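These entries record what I looked up in the structure shown below.

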Amino acid sequence: MEFAIRNDGQLPIKSWCRNIETEAMVQAENLARHPALRHFVALMPDCHCGIGMPIGGVIAAKDAVIPAAVGVDIGCGMIAVETDIPAERLSEMRFRRDIHTRIKAAVPAGDGCCHQNPQEWEGFERYIDSDGTNQLITQLDRRNLGTLGGGNHFIEIQQSDNGFVWLMIHSGSRNLGKRIEEIYQNKAMALCEKFYTPLPCRELAFLPLGDREARDYLRDMNFALEYAFENRQRMMRVCKDIIAQFIPEANFLREVNIHHNYAAFEEHFGETLCIHRKGATSAKQDETGIIPGSMGTASYIVRGLGNPASFMSCSHGAGRRMSRTVACNTLSAAECDEAMQGIVCDRWHTSRRYGKGRDILDLSEAPQAYKDIEEVISSERDLVEVQVRLTPLAVVKG
């Protein structure tokens, strides 16, 4: 349900988020004043502060595309596979640990981790044919294909409430999407400065659709979407092969593969608009979606209800309730371990990244750092209908 609709002379802000953090609301208010946007700004129940635009935000641009409203991990998204494996086949922790170990060895995971050799994919050649300059694709992109990445990316073995095993992966376009965003964000800012375009904040610079820069961005963004889709599929094939080695009788049923950082042209309110979903998922009528929780909580397979009030969108996950730095400096290993009871995973490693120059435990992905997924799902019952509830059995984190 919508918790708030603000309309102070700018675009209305519609929110499915009960408590919006101050920084995220400032960003939403900036969007409401953006000259290229239409109708309203929609905030999903997992909304939290991003760069330029809140994560968990959906906007509609007319004749423009905004790189920061897609973000740096273009095409980041989810893939889930249903199996006919009864969950009791994985009841033993040691058996799950063996599968977990095999997956970790087979799928490069973590920041900077990639394959030793470049990977073959016809998508590279298709892109090169579409772009005569051929300056985007690097050897790193070829070696990153089929790898998990770091941060909140994950591979999970899950069980459904009706007692069957599912596989789920969260990942995106790796370094490729980051470079694309940086290139075109700089071009957008230069263009807006050149033509003295008034913006509510510099990060929300846009590319007019009639310009070559916009056409190039859309070409490269769509290539990153293809890359991210293929990236998830490759990792899922590896995971299915490993599961089949341990459980030869396994059958893999339906598969869902979706993005939650992208822009697409859609019909809304009688006109063609460029819908930007940043940390948000399409939820058109009867469309299947995936809404993951944290590494210690439930995830959901959902059916879209096609609600026009959100541009037919829903949340992309639970959403953070505390920053990585705050989580690492306030949570304890004991409470985080407790939240992961019964789930196979690696325990917390030390890092300087969030310790202000000192080594501390990296608790940035602990369940406590995220919003309550049950509240998130409850808040968007007018956007999606729950089909399957899944709980984690084993988790490989980036």
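How many nonpolar, polar and charged residues does the lining of the largest cavity have, by class? I worked on a predicted model, in which local features need pLDDT of at least 70, side-chain atom pairs count only at pLDDT 80 or more, and totals for chains, interfaces and linings use all residues. Residues are numbered from 1 along each chain as its sequence is written, and side-chain values use heavy atoms, with hydrogens and water left out.

**Entry 1: cavity.** I searched the whole structure and found one cavity of 30 Å³ or more. On a 1 Å grid over the protein atoms alone, a cavity is a set of points where a 1.4 Å probe fits but cannot get out, a pocket is an open set with protein on both sides within 12 Å along at least five of seven lines, and lining residues have an atom within 4 Å of a point. Points are joined across faces, edges and corners, and volume is the space filled by probe spheres set on them. The largest cavity has a volume of about 30 Å³. I listed its lining as His100, Ile103, Ile155, Glu156, Ile157, Ala394, Val395 and Val396. Helix 2, strand 7 (154–160) and strand 19 (384–397) each give two or more of these residues; helices (H or I, at least four residues) and strands (E, at least two) are DSSP runs, numbered from the N terminus. The lining has six nonpolar residues, one polar and one charged, where Ala, Val, Leu, Ile, Met, Phe, Trp, Tyr, Cys and Pro count as nonpolar, Asp, Glu, Lys and Arg as charged, and the others, Gly among them, as polar.

**Entry 2: salt bridge.** Asp346 forms a salt bridge with Lys104, the closest N and O atoms being 2.5 Å apart; the term requires a side-chain nitrogen of Lys or Arg within 4 Å of a carboxyl oxygen of Asp or Glu. Asp346 lies in the loop between helix 8 (333–339) and strand 17 (350–351) and Lys104 in helix 2, so the pair ties together parts 242 residues apart in sequence.
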